[in-house]
Amino acid sequence: HNLEDTREVAEELLLPFPLLADETRSVFSTYDVQSKIWSLGQRPAVFLIDPSGMVRWGYRGTQQWDIPENADVLAALDKFIASDQKATHGRK
């Protein structure tokens with residue numbers, strides 16, 4: 001989607017996180033979410049990316065309906081937050 005459409009969706013849904021407008025589809029290509037055989041040419045994916053830009057967890061579905069459970073995403077988020085907290089406290 002383009003930047004303006006993405007901005008409108010974020011504002012309408014009051015999303016508490018940033019969205020990415022991938023007008024050139026470069027991120028789409030980088031994260032390997034294209035499916036030439038299944039799922040209308042694309043597949044759903046969820047990535048947890050830390051502030052430094054490192055992908056800490058990822059899930060790529062095979063079909064439009066193949067998405068992770070919210071509990072699984074939240075558990076992965078909790079795990080990498082705990083890991084960061086442990087690393088931060090270990091440095092002191």
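**Entry 1: the overall layout**

I began by counting elements, and the protein chain has 3 helices and 4 strands, where helices (H or I, at least four residues) and strands (E, at least two) are DSSP runs numbered from the N terminus. Reading along the sequence, I noted the pattern α-α-β-β-β-β-α. I reminded myself that this is a predicted model, in which local features need pLDDT of at least 70 and side-chain atom pairs count only at pLDDT 80 or more, while totals for chains, interfaces and linings use all residues. Residues are numbered from 1 along each chain as its sequence is written, and side-chain values use heavy atoms, with hydrogens and water left out.

I then looked up the pLDDT, which is the predictor's confidence in each residue, from 0 to 100. The protein chain averages 83, and 88% of the residues score at least 70. Among the elements, helix 1 has the highest mean pLDDT (92), whereas strand 1 (residues 34–35) has the lowest (68).

**Entry 2: surface and contacts of the chain**

I looked up the accessible area, computed by the Shrake-Rupley method with a 1.4 Å probe, where for residues only the protein chains shown count as cover. The protein chain exposes about 7,500 Å², and carbon and sulfur atoms supply 56% of that area. Of the 92 residues, 17% are buried; buried means under 20% relative accessible area, exposed means over 50%, and partly exposed is in between (1.4 Å probe, protein chains only). For contacts (heavy atoms within 4.5 Å), I noted that residues 24 or more positions apart account for 19% of those with a separation of 6 or more.

**Entry 3: the start of helix 1**

Which residue has a side-chain oxygen that reaches the backbone nitrogen of Glu-4 at the start of helix 1? I found that it is Asn-2, whose side-chain oxygen comes to within 3.1 Å of that nitrogen. This is a polar contact, that is, a pair of N or O atoms within 3.5 Å; within protein, one must be able to donate a hydrogen and the other to accept it, and residues adjacent in sequence count only if both atoms are side-chain atoms. The backbone oxygen of Asn-2 also lies 2.9 Å from a polar atom of the side chain of Thr-6.

Thr-6 has its place in helix 1, and I wrote it down as buried because its relative accessible area is 11%. Leaving out residues up to four places away in sequence, Thr-6 touches His-1, Leu-19, Leu-20 and Ala-21. I also checked Glu-4 against Ala-21: the two are 17 residues apart along the chain, and their C-alpha atoms are separated by 8.5 Å.

**Entry 4: the salt bridges**

How many salt bridges does the structure hold? I counted 2, taking a salt bridge as a side-chain nitrogen of Lys or Arg within 4 Å of a carboxyl oxygen of Asp or Glu. Side chains of opposite charge can pair when their charged atoms come close.

One of them joins the side chains of Glu-4 and Arg-7 (3.1 Å, N to O). Both residues lie in helix 1, 3 residues apart, about one turn of the helix. An α-helix has 3.6 residues a turn, so residues three or four places apart point the same way. Glu-4 counts as partly exposed because its relative accessibility is 41%, and Arg-7 is also partly exposed, at 39%.

Asp-50 forms a salt bridge with Arg-56, where the closest N and O atoms are 3.3 Å apart. Is Asp-50 buried or exposed? I noted Asp-50 as buried, since its relative accessible area is 10%, while Arg-56 counts as partly exposed at 26%.

**Entry 5: the loop after helix 1**

Leu-14 follows helix 1 and lies in the loop between helix 1 and helix 2 (26–30). Its phi is positive, about 55 degrees, although Leu-14 is not a glycine, and with a relative accessible area of 70% Leu-14 is exposed. Arg-25 lies in the loop between helix 1 and helix 2, and its phi is near 65 degrees, a positive value in a residue other than glycine. Arg-25 is partly exposed, at 42%.

**Entry 6: a nonpolar patch**

Lastly, I looked up a nonpolar surface patch of about 360 Å², made by Val-9, Leu-13, Phe-17 and Leu-19. Patches are made of residues with over 30% relative accessible area and no salt bridge, with like charges joined within 9 Å and nonpolar side chains (Val, Leu, Ile, Met, Phe, Trp, Tyr) within 5 Å. Val-9 sits in helix 1 (residues 3–13), and I recorded Val-9 as partly exposed because its relative accessible area is 39%.
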